Amino acid sequence: NPRGITVRNKKTNEAKNIDADVIIWATGFSTTSFLEHLSIRTVKSLGMESDYTLSDAWKDYSKAYYGTCVPGFPNFYMLYGPNTNLGHNSIIFMVECQVNYIVQLLQRMLETDYDAMSVKRQAFETFNKQMQKDLNHTVFNGNCASWYKTEAGENTNNWSGTVFRYWWETLSPKFDNFELERKNHE
């Protein structure tokens, strides 16, 4: 249901659609598999087939553009997503930066009368490749097992730079890194 959520009763298997403007999901302490107990499916939009899940997108490891969005999932934004954890400063500041960033994305969509916005795959891949490269020069990617890394050694948790750099890079979205789609309005 692109306008809400479908809830299924585990005992009766009865499904019920609930309209929702916002859904808040608290994940607990599963550190490398973000949103693992939540089935997030895309709708047929922006070149994506429906029934593609976030689990499909994250089959190798969880990654997001500035920890906030994933290509192929239009209008899906998250806070404290992959690679936004800190070992040196306040996560509250990071979340405030993310809220500001997401609000600007939504404002652009509303101002231009578009219905869907998604980060472009190229921008997403370039960002995440650089993230992992930068993390290789930090203590967070040392030659040891840690809760920051997946079993394969990918760091899905930590931001690779300073909070000042995160603030600066998310202060104003690079709208060229996003694609927009307008539905037929009647």
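What follows is a chat between two colleagues about a predicted model of a protein.

Colleague: Before I dig in, what should I know about the model and the numbering?
Modeller: It's a predicted model, where local features need pLDDT of at least 70 and side-chain atom pairs count only at pLDDT 80 or more, while totals for chains, interfaces and linings use all residues. Residues are numbered from 1 along each chain as its sequence is written, and side-chain values use heavy atoms, with hydrogens and water left out.

Colleague: Thanks! How many helices and strands are there, and in what order do they run?
Modeller: The protein has four helices and four strands, and from the N terminus the order is β-β-α-α-β-α-α-β. Helices (H or I, at least four residues) and strands (E, at least two) are DSSP runs, numbered from the N terminus.

Colleague: What share of the residues is buried?
Modeller: Of the 186 residues, 39% count as buried. Buried means under 20% relative accessible area, exposed means over 50%, and partly exposed is in between (1.4 Å probe, protein chains only).

Colleague: And the accessible surface, how much of that belongs to carbon and sulfur?
Modeller: Carbon and sulfur atoms hold 52% of an accessible surface of about 11,700 Å². Those areas come from the Shrake-Rupley method with a 1.4 Å probe, and for residues only the protein chains shown count as cover.

Colleague: Let's go inside. Which residues touch the most other members of the largest nonpolar core?
Modeller: Leu-54, Tyr-65, Tyr-66, Val-70, Val-119, Trp-159 and Phe-178 do, out of 32 residues in that core. Helix H2 (91–111), strand S3 (116–119), helix H3 (121–135) and helix H4 (163–170) each supply at least two residues, with the largest share, six residues, coming from H2. By nonpolar core I mean a set of buried Ala, Val, Leu, Ile, Met, Phe, Trp, Tyr and Cys residues joined through side-chain atoms within 4.5 Å.

Colleague: Pick Tyr-65, then. What does it touch?
Modeller: Leaving out residues up to four places away in sequence, Tyr-65 touches Tyr-101, Val-119, Ala-123, Phe-124, Phe-127, Asn-128, Asn-177 and Phe-178. A contact here means heavy atoms within 4.5 Å.

Colleague: Looking at contacts across the protein, what fraction joins residues at least 24 apart?
Modeller: It's 62%, counted among contacts between residues at least 6 apart in sequence.

Colleague: Which strand does S3 join, and is the pair parallel or antiparallel?
Modeller: S3 and strand S4 (residues 178–181) run antiparallel and are joined by four bridges. Ala-116, for one, has Glu-181 as its bridge partner in S4. Strands pair if DSSP finds at least two bridges between them.

Colleague: Switching to charges: how many salt bridges did the search find?
Modeller: Four in the whole structure, each being a side-chain nitrogen of Lys or Arg within 4 Å of a carboxyl oxygen of Asp or Glu. One of them joins the side chains of Glu-125 and Lys-63 at 3.6 Å, N to O. Glu-125 lies in helix H3 and Lys-63 in the loop between helix H1 (54–57) and H2, so the pair ties together parts 62 residues apart in sequence.

Colleague: Is Lys-63 buried or exposed?
Modeller: Lys-63 is buried, with a relative accessible area of 15%, whereas Glu-125 is partly exposed at 32%.

Colleague: What else does Glu-125 bridge to?
Modeller: Arg-121, with the closest N and O atoms 3.7 Å apart. Both lie in helix H3, four residues apart, about one turn of the helix. Together, Lys-63, Arg-121 and Glu-125 are linked in a salt-bridge network.

Colleague: And which residue pairs with Asp-134?
Modeller: Arg-165 does, the closest N and O atoms being 3.8 Å apart. That pair links distant parts of the chain, with Asp-134 in helix H3 and Arg-165 in helix H4, 31 residues apart.

Colleague: Last one, backbone this time. What is the phi of Asn-13?
Modeller: Asn-13 has a positive phi of about 65° although it isn't a glycine, and it lies in the loop between strand S1 (4–8) and strand S2 (15–19). Asp-113 also has a positive phi, near 60°, and is found in the loop between H2 and S3. Most residues other than glycine have a negative phi.
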